[in-house]
Amino acid sequence: MFYKKNSAQVLNDLDSNLTGLSKEEAKLRLEKYGFNQLNEKLKKPTWKLFLESFKDPLVIILLIAAFTQVFLGDTVESLIIFAVLAINAVLGVVQTKKAESSLDSLKKLSVPNAKVLRDNEKSTIPSQELVPGDIVILEAGDYVPADGRILEAQTFKVVEGMLTGESEPVLKNSEIILDDCALGDQKNMVFSGSMVVYGRATFVVTSCGMDTEVGKIANLLDSAESKQTPLQQKLDDFGKKLGVAIVILAGLIFALEVFRGDDIMNSFMFAVAIAVAAIPEALTSIVTIVLASGTNTMAKKQSIIRKLPAVETLGSTSVICTDKTGTLTQNKMTVVETYLYGPDSDKFNGFEYIKNYNPAVSIEQSEGSEIAITGCIVQERYLNLSSILCNDSEINEEGIEIGDPTEVALINYADKYGIDYKSIREEYPRISELPFDSDRKLMTTVNSVDGEKIMFTKGAPDIVFDKCKYAFKNDIILDISEDILDEYRKINENFSNRALRVLAFAYKKVSEEFEPTLDDENDLTLIGLMAMIDPPREEVFEAVEHAKSSGIKTIMITGDHKTTAAAIAREIGIMDKNDLALTGQELDALTDEELDQKLENISVYARVSPENKIRIVKAWQRKGKITAMTGDGVNDAPALKQADIGIGMGSGTEVAKDAAAMVLVDDNFATIINAIEVGRTVFGNIKKSITYLFSGNLGGIIAILFAVLAGWTNPFTTIQLLFINLVTDSLPAIALGFEKPEKDTMNKPPRDPNESILSKDTLHSVLVRGSIIGIVTILAQYIGMQTSDALGAAMAFSTLTLSRIIQTFAARSNSETIINLGITSNKYALGAVIVCLLMFSLTLLPFMRGIFAIPSIYEFDNLAICFALAFGAVVCMEINKLLKKSQL
């Protein structure tokens with residue numbers, strides 16, 4: 001813990017000195033410690049990822065069926081199956097490769113060169129050659145090349161939000177820190193990848209490569225689990241069970257056919273047909289396309305999906321761990337309160353009074369403890385003049401804010417009341433200054449105001465109070481008293497308890513020859529206070545409430561201080577009366593068992609480390625909760641990867657975006673809630689597609705099994721079943737993915753991640769609709785068999801195809817009827833039905849009949865019967881919905 005040691009101790013521990021290492025010693029250390037760079041584990045080669053796509057039980061069954069077809073010379077059927085499986089494998093490899101890019105972006109943060117002292121000579125070397133003990137020189141604009149302890153600093157500011165989560169520059173120094181503290185409070189340390197924005201410093205390298213804070217994050221990224229989404233888990237589990245069931249069923253059919261004396265090869269092909277009928281070959285592709293349609297919808301709502309399964313995961317999210325700055329808040333410091341001592345101080349609200357101020361009126365001093373003031377509210381005017389003039393920030397012509405966010409807030413406050421800060425500065429030019437210093441916590445400028453020299457001072461309230469001899473009270477300046485100071489301290493404490501950042505302002509008149517020194521920051525006149533905060537986004541209040549009503553718990557995880565974080569959390573409704581707020585150190589002190597006990601009552605985590613964030617996510621996952629995590633910094637990347645769904649910020653680092661499954665373009669928490677609604681809708685639509693597919697497949701299996709038991713001819717050929725599964729089923733299943741949200745989508749709690757893909761309601765729909773389709777298909781075959789077996793099989797094929805196509809309308813909802821939904825409310829579904837009917841008509845063309853086993857005796861009246869049976873099946877499905885609804 002180098003921050004707890006003085007410079008001499010650190011140099012001694014590292015066997016270094018202020019003149020730097022010798023070149024020979026640096027070479028030896030490079031051999032010992034290795035290069036200052038990030039390493040990563042070996043990735044699986046692409047070919048291996050491709051082959052692993054074929055481990056799925058359903059895929060194995062289809063491969064066996066395809067190779068059987070090749071062996072028997074039926075190459076058309078086998079080529080179709082091979083093509084479908086290859087497409088699914090390629091899609092899987094592409095998704096996996098996308099997920100491996102987070103560490104690549106982390107490597108890009110490495111600094112190419114570093115300025116070091118070697119043999120007491122300044123030189124520039126490749127940063128990867130840095131070793132512990134090297135003395136490095138930093139200046140404004142440099143990136144820090146390694147972790148280190150500051151030896152000397154001059155007004156040195158560093159942006160390290162990528163590690164701490166806070167965007168404001170941190171003023172660094174070389175002073176020893178005695179207490180244990182979080183990374184963000186280690187003011188005498190610098191960390192690899194952070195950027196110097198002001199001043200200069202010299203530091204000694206304490207850690208390189210994988211031992212740096214960024215290196216630790218790289219390790220966490222490598223070790224963080226890439227979790228399957230709930231949908232992927234359920235589809236995998238369902239696929240295994242379905243695969244076993246299909247093998248058993250096909251085996252029984254094969255045995256039954258052989259027992260009945262049928263030819264072994266014919267019996268085997270019949271069993272293969274059963275397998276092909278049962279497996280929804282295009283399911284993976286259909287799910288992928290439906291998820292992709294969800295990404296387009298989310299893109300319109302400011303959410304960019306990087307990993308397709310994340311769309312569905314959003315729908316089952318039950319915990320959102322969100323950053324504060326920029327996500328819940330505006331990431332823009334804003335003045336929200338001003339305070340001026342006096343009985344009428346509550347009426348002062350900014351620049352209202354200075355608009356009518358007459359600059360010809362000046363301050364007239366009189367004898368005694370009181371100084372009379374003539375004119376309008378000079379006290380208010382001087383508060384606002386000091387906030388503009390004792391201020392280094394500005395807004396350029398492009399509207400870009402330049403400077404410390406606190407100072408920018410002051411000039412934005414002026415702009416709010418129609419005051420042009422630039423014209424104020426031109427009218428009252430700065431003559432000299434004493435820049436802000438972290439030790440004295442003050443800034444002073446001397447300006448020419450109304451022909452007089454006025455010294456304005458702003459800074460930490462307690463420091464300014466001690467520097468004041470006088471105080472304003474409305475139109476009078478009094479000797480400062482304990483009563484006045486007590487009132488100011490009470491107000492300052494009130495502001496601080498509300499997590500407001502407070503500045504105090506003071507001034508004094510000085511002579512024409514005056515040049516300020518530190519000793520001159522005394523005998524000031526206290527003007528007043530300005531309090532500011534990074535305010536919550538307006539839409540966040542409703543979004544948090546919406547999340548609560550949807551059964552989603554929101555957790556704030558921030559690098560900010562606990563008091564500030566808790567105040568914001570209470571204001572926007574994240575933190576309830578009995579909820580807790582913990583710091584990273586307090587979290588570290590808890591065992592996993594203690595954390596699990598308190599977890600559901602902890603709403604705020606402050607001053608956290610990357611390890612803390614992963615621990616919080618894992619704790620919720622242990623409770624079986626689907627957890628979303630937002631973040632924008634390098635420090636967030638491991639937790640983004642560990643979470644069930646990582647949500648990066650559009651304004652964040654590339655490392656965070658690459659580790660995330662979703663990126664918020666507008667960095668807005670409310671956008672997450674909108675995306676969750678889309679996610680729930682997408683999952684509901686995927687279930688509709690799956691229900692549609694399995695209902696049709698069940699209908700085909702029922703027809704085949706009945707034919708076997710009844711001793712009828714097999715009603716379907718393999719190519720007929722592939723035509724239904726891959727052609728006429730695919731478009732309607734995809735179209736169902738475009739259904740609009742149902743009315744109660746966001747009034748339900750998150751879906752139980754342990755719920756089967758075929759839940760009770762879904763299974764009921766599959767059984768009912770599948771049975772109806774099977775029955776009308778059997779009827780069609782029976783009617784056709786009165787003429788010939790070939791006609792019976794052809795009518796069975798036509799009826800199965802048509803009933804599955806027209807079933808699209810019934811599949812749009814498990815509860816609402818077609819009449820309630822409206823035929824045209826999903827134009828994609830209507831279009832899919834029309835296209836599929838046209839594709840079915842192709843099978844009836846003379847030159848296509850031979851391929852699809854349609855005999856020449858199949859005529860229009862046979863087709864009309866098939867259509868009637870198919871329409872009758874859908875009517876029965878709709879009647880079942882009404883009966884089910886009446887029982888609720």
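Strands here are DSSP runs of E with at least two residues, and helices are runs of H or I with at least four, each numbered from the N terminus. Two strands pair if DSSP finds at least two bridges between them. Within this pair, pick I304, which stands opposite V663 of strand 26.

This is a predicted model, in which local features need pLDDT of at least 70 and side-chain atom pairs count only at pLDDT 80 or more, while totals for chains, interfaces and linings use all residues. Residues are numbered from 1 along each chain as its sequence is written, and side-chain values use heavy atoms, with hydrogens and water left out.

Now move to helix 25 (residues 669-710) and helix 29 (residues 789-811), which pack at an angle of about 150° with axes 10 Å apart. Axes are lines fitted to C-alpha atoms, for helices over the stretch in contact, and angles run from 0 to 180 degrees between N-to-C directions. The angle makes the two helices roughly antiparallel (over 145 degrees).

Finally, show the side chains at the contact (heavy atoms within 4.5 Å). Helix 25 contributes residues including K688, Y692 and N697, and helix 29 contributes residues including L800, R804 and A811.

Definitions and conventions:
Angles under 35 degrees count as roughly parallel, over 145 as roughly antiparallel, 65 to 115 as roughly perpendicular and the rest as oblique.
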